[in-house]
Amino acid sequence: MLLKLTGSSCAGKSTLARSLADHPELVVRDFDEIGVPESPDTCWRHRANEWWVRQVLAYERQGRHLLLAGQSPLGEVLATPSATELDGIAICLVDVTDEIRIERLRKRDGARSTPETERDYLRWAAWHRHHARDPQYEPSVIRGTCADAVWNRWTGWSKGDPRWDLAVIDTSGVSVADATACLMAWVDQQLGLWRDGALSLGQGWLAGPRDAAK
């Protein structure tokens, strides 16, 4: 099963993921550890999504789950060619206020953090928030020109489709310990739903919502 932490930079995804490194059922990895090109585009991220999904499939054969921190949103994950082979998918948006994000960006990047780059991060964060609520919100932002992604798996879904199920953890003004507790609760909930065959994006999600199939 893939448990994915998504969102724009400096929300705390990697920090939270690392905090669960000792979870007995998880392998914890960071999306960017495979190497990021100097000017990454959406096509690079789409290809990297497929690489990571193949890793999840390998972990599944070992009876393990992958907790992955990275910026790929739910729509990209579902469009990844091999995503339908997974035992399950669960996505959590890790978010933070714009003010705190800028503060963290400036601390992380120093002089490389400019008003222009900061606006880009904030726009990406705003898009993530809308995407988490509504699959029909500006899908062109992530579709790009890559031919291998299978967008029609979800582009016809409406807001409120039970498969479009994202949790949100807001790290604004929250201690790492408290945010970690929220993440642990979400992970354990998703694993429980997976074991019970009740996961929103469990096996067979492409055929339709689970409650409609019963």
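Author: α4 is followed by Gly-110, whose phi is positive, near 60°. Before going back along the helix, some ground rules. This is a predicted model, in which local features need pLDDT of at least 70 and side-chain atom pairs count only at pLDDT 80 or more, while totals for chains, interfaces and linings use all residues. Residues are numbered from 1 along each chain as its sequence is written, and side-chain values use heavy atoms, with hydrogens and water left out.

Helix α4 covers residues 98-109, 12 residues in all; helices here are DSSP runs of H or I with at least four residues, strands are runs of E with at least two, and both are numbered from the N terminus. From first C-alpha to last, α4 reaches 16 Å, close to the 16 Å expected at 1.5 Å a residue (the expected span is 1.5 Å times one less than the number of residues).

The buried residues of α4 are Arg-101, Ile-102, Leu-105 and Asp-109. Seen down the helix axis, they fall within an arc of 100°, so they line one face of α4 (the arc is that of the directions from the helix axis to the C-beta atoms). Buried means under 20% relative accessible area, exposed over 50%, and partly exposed in between, with a 1.4 Å probe and protein chains only. An α-helix has 3.6 residues a turn, so residues three or four places apart point the same way. The buried residues of α4 pack against β4 (88-95) and α5 (115-133), where contact means heavy atoms within 4.5 Å. On the face turned away from the buried side are the exposed residues Glu-99, Glu-103 and Lys-107.

The charged contacts come next. A salt bridge is a side-chain nitrogen of Lys or Arg within 4 Å of a carboxyl oxygen of Asp or Glu, and by this rule the count comes to 12. One of them joins Asp-98 to Arg-129, with the closest N and O atoms 3.3 Å apart. Asp-98 lies in α4 and Arg-129 in α5, so the pair ties together parts that are 31 residues apart in sequence. Asp-98 is partly exposed, at 29% relative accessibility. Both residues belong to a network of salt bridges that also links Asp-95 and Arg-101.

Arg-123 is exposed at 51% relative accessibility, whereas Asp-120 is partly exposed at 38%.
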